[in-house]
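Please look over the sequence and the structure before reading on.

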Amino acid sequence: MNDHNKPTGPKGPMAGAMQGATPHKRKSSLNRETQIKIGSQLQITYNEVVNQGVPDRFVQLLHRLETESIEDVAGAHSGEFAGAKESPDDKGS
Amino acid sequence: MSSPNPSVSEAMLRSVPSLRAFAISLCGNVDRADDLVQETLLRAWANLNSFEPGTNMSAWLFTILRNLFRSEYRKRRREVADGDGSYAETLKTQPEQASRVEFEEFRTALAKLPQDQREALVLVGASGFSYEEAAGICGCAVGTIKSRVNRARTRLAELMSIESIDDFGPDRELKAVLSGGGGSNG
């Protein structure tokens, strides 16, 4: 009889979702108009960027990836987020 | 031999506009966002063997982008003031003069949301992912995404002080639904 040790407890994967119940006195659900307003403003904001299309640098990047080796391309393009390049910057605090 | 099917790069290019929009919502800065997208494409290309053909390429790229941002964000967390409203400045073009103020207010409010709430809201409310896909991208349970989206909406409404619209009653709500939320009547 080993089936008594179920790991489900307050730390289960749904624990975060349970915290959704707000202890506030406010109305727990937004009215329809507010939801529509937030939704449409979010989409307009997002689509402003989407409608800019594909900037040329990305067309060129993918073209290079198709024709050159990944090492060459990655070496040339090392942005702020580049993780391939190691640069030990810690000179102590 | 290492050059994959050209349709792969086409699929990647098709995802770029929405990847940028998501990245800007995370970074609050267009230049950093574009660097993040670029790094995402490089990582994706280098790891194409881990992409399962037939699955959603866009969701896969979003996952990579989010993970890259998360690891970078943790590093620079101390130096960057989060949610200072810089997102509002990143988008120069305004839809209409009349609603300009309203949109700036919205973007400022969006930038003030906690990170996980903002990404959940953007993924579900703007990128068009299902709750399940968003949960996959964020590496959490579906219920967690739902909860974050709800909290994001509530918080946005508070920040924008539009919950006071409740006072106008059901007539106004009905009108908004019928007009699609943005009609202009003279």
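Leaving aside its neighbours within four places in sequence, with which residues is B:Ser15 in contact?

## Basis of the report

The model is predicted: local features need pLDDT of at least 70, side-chain atom pairs count only at pLDDT 80 or more, and totals for chains, interfaces and linings use all residues. Residues are numbered from 1 along each chain as its sequence is written, while chains are lettered from A and ligands numbered from 1 in the order in which they are written.

## The surroundings of B:Ser15

B:Ser15 lies in helix H1 of chain B, residues 6-27. Helices here are DSSP runs of H or I with at least four residues, numbered from the N terminus. Beyond those sequence neighbours, B:Ser15 is in contact with B:Met57, B:Ser58 and B:Leu61; contact requires C-beta atoms, placed from the backbone, within 7 Å. B:Ser15 and B:Ser58 are 43 residues apart in sequence, yet their C-alpha atoms are 5.8 Å apart.

B:Ser15 counts as buried because 25 other C-beta atoms lie within 10 Å. The term buried requires 20 or more such atoms within 10 Å of the residue's own C-beta, placed from the backbone.

## Helix H7 of chain B

Helix H7 of chain B spans residues 131-138, and its buried residues are B:Glu133, B:Ala134, B:Ala135, B:Ile137 and B:Cys138. Just after H7(B), B:Gly139 adopts a positive phi of about 65°.

How values were computed:
Helix = DSSP H or I, 4+ residues; strand = E, 2+ residues; numbered from the N terminus. Buried ≥ 20, exposed ≤ 12 C-beta atoms within 10 Å, placed from the backbone. Contact = placed C-beta atoms within 7 Å.
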